[in-house]
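Dear colleague,

Please find below the structure that I am handing over to you. My notes on what was found in it follow directly after it.

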Amino acid sequence: MSTLNINGDNNDPFYRYKMPMLISMQAGRGNGCLTLLENLSDVTEAFNHPASIVFKYMGSVLGSNTTESKWSITGHHTNDRLIEVLYQYINSFVMCPNCNIPELLPNIEGKKKNKKLFLTCSACGKGQQKIHSCKEEEKGMDLIMKHLDKNEWLTKKGIMVEQSDTFDPFSQVF
């Protein structure tokens, strides 16, 4: 399975933040046509965001209904278009604008109608309030805030950077 760089620049083979290539399949004909996303949970696990948020965001941007039980989006959509929408989400909610590392973690401040979404980078420590610049970003912010109201944002250490064999000087016999 091929991998993509999370930042979208696939010309750099040594970029350390990787995600698997999104695999989609078109099914049905006529009014029953849909696109199935086969490995969306693996892709979103690579950049530490819940698959349900990214899936609903993709459906919203594409203007299609989504079925989370089957991971299907109504209509036939090309894999290139789906990856384009995925990178749109990543650039808005995953990549730090300060250090360009995919380590942003969301949190909510305020109550009820005064809720604000703050994104804090776990790499450089810079945090800022997320202000939407388009309708898609507003929808993404709403999805993230609704998720944070009901659930905790789970982080998995070691997921974002590919694991490699590390040198342990104490493990060698002299």
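**Two residues with positive phi**

Asn100 lies in the loop between α3 and β7. Helices and strands are named here by DSSP runs numbered from the N terminus (a helix is H or I with at least four residues, a strand is E with at least two). Asn100 has a positive phi of about 60°, although it is not a glycine. Its relative accessible area is 45%, so Asn100 is partly exposed. In this message, buried means under 20% relative accessible area, exposed means over 50%, and partly exposed lies in between (1.4 Å probe, protein chains only).

Trp71 is likewise not a glycine and has a positive phi of about 55°. Trp71 is placed in the loop between β5 (66–67) and β6 (72–74). With a relative accessible area of 24%, Trp71 is partly exposed.

**How to read the model**

This is a predicted model, in which local features need pLDDT of at least 70 and side-chain atom pairs count only at pLDDT 80 or more, while totals for chains, interfaces and linings use all residues. Residues are numbered from 1 along each chain as its sequence is written, and side-chain values use heavy atoms, with hydrogens and water left out.

**The chain as a whole**

The chain has four helices and nine strands. From the N terminus on, its elements run β-β-β-β-α-α-β-β-α-β-β-β-α. Of the 174 residues in the chain, 38% are buried. The accessible surface of the chain comes to about 10700 Å², and carbon and sulfur atoms hold 49% of that surface. Such areas come from the Shrake-Rupley method with a 1.4 Å probe; for residues, only the protein chains shown count as cover. Among contacts with a separation of 6 or more, 52% are between residues 24 or more positions apart. A contact means heavy atoms within 4.5 Å.

**Salt bridges**

Side chains of opposite charge can pair when their charged atoms come close. A salt bridge is counted when a side-chain nitrogen of Lys or Arg is within 4 Å of a carboxyl oxygen of Asp or Glu. How many salt bridges does a search of the whole structure find? The search finds three.

One of them joins the side chains of Lys115 and Asp149, with a distance of 2.7 Å from N to O. This pair links distant parts of the chain: Lys115 is in the loop between β7 (104–109) and β8 (116–121), whereas Asp149 is in helix α4, 34 residues apart. Lys115 is partly exposed at 29% relative accessibility, and Asp149 is partly exposed at 47%.

Arg81 and Glu84 also form a salt bridge, and their closest N and O atoms are 2.9 Å apart. Both residues belong to helix α3 (residues 79–93), and because they are three residues apart, they are separated by about one helical turn. Arg81 is partly exposed, with a relative accessible area of 29%, and Glu84 is partly exposed at 48%.

Glu137 and Lys130 meet through their side chains in a salt bridge of 3.7 Å, N to O. Are these two residues buried or exposed? Glu137 is buried, with a relative accessible area of 11%, and Lys130 is buried at 15%.

Lys56, Lys139, Lys146 and Lys150 form a positive surface patch. Patches are made of residues with over 30% relative accessible area and no salt bridge; like charges are joined within 9 Å, and nonpolar side chains (Val, Leu, Ile, Met, Phe, Trp, Tyr) within 5 Å. Lys and Arg count as positive and Asp and Glu as negative, while His and the chain ends are not counted. The place of a charge is taken as NZ of Lys, CZ of Arg, CG of Asp or CD of Glu.

Helix α4 (residues 135–150) gives the most to this patch, with three residues. Lys146 lies in helix α4 and is exposed, with a relative accessible area of 55%. His147 is found in helix α4 as well, but His147 is buried at 16% relative accessibility. Leaving aside residues up to four places away in sequence, His147 touches Pro50, Ile53, Glu152 and Trp153.

**Ser64**

Ser64 lies in the loop between α2 (51–62) and β5. At 15% relative accessibility, Ser64 counts as buried. Residues up to four places away in sequence again set aside, Ser64 touches Gly59, Ile73, Thr74 and His77. Ser64 and Leu34 are 30 residues apart in sequence, and their C-alpha atoms are 9.5 Å apart in space.

Yours sincerely
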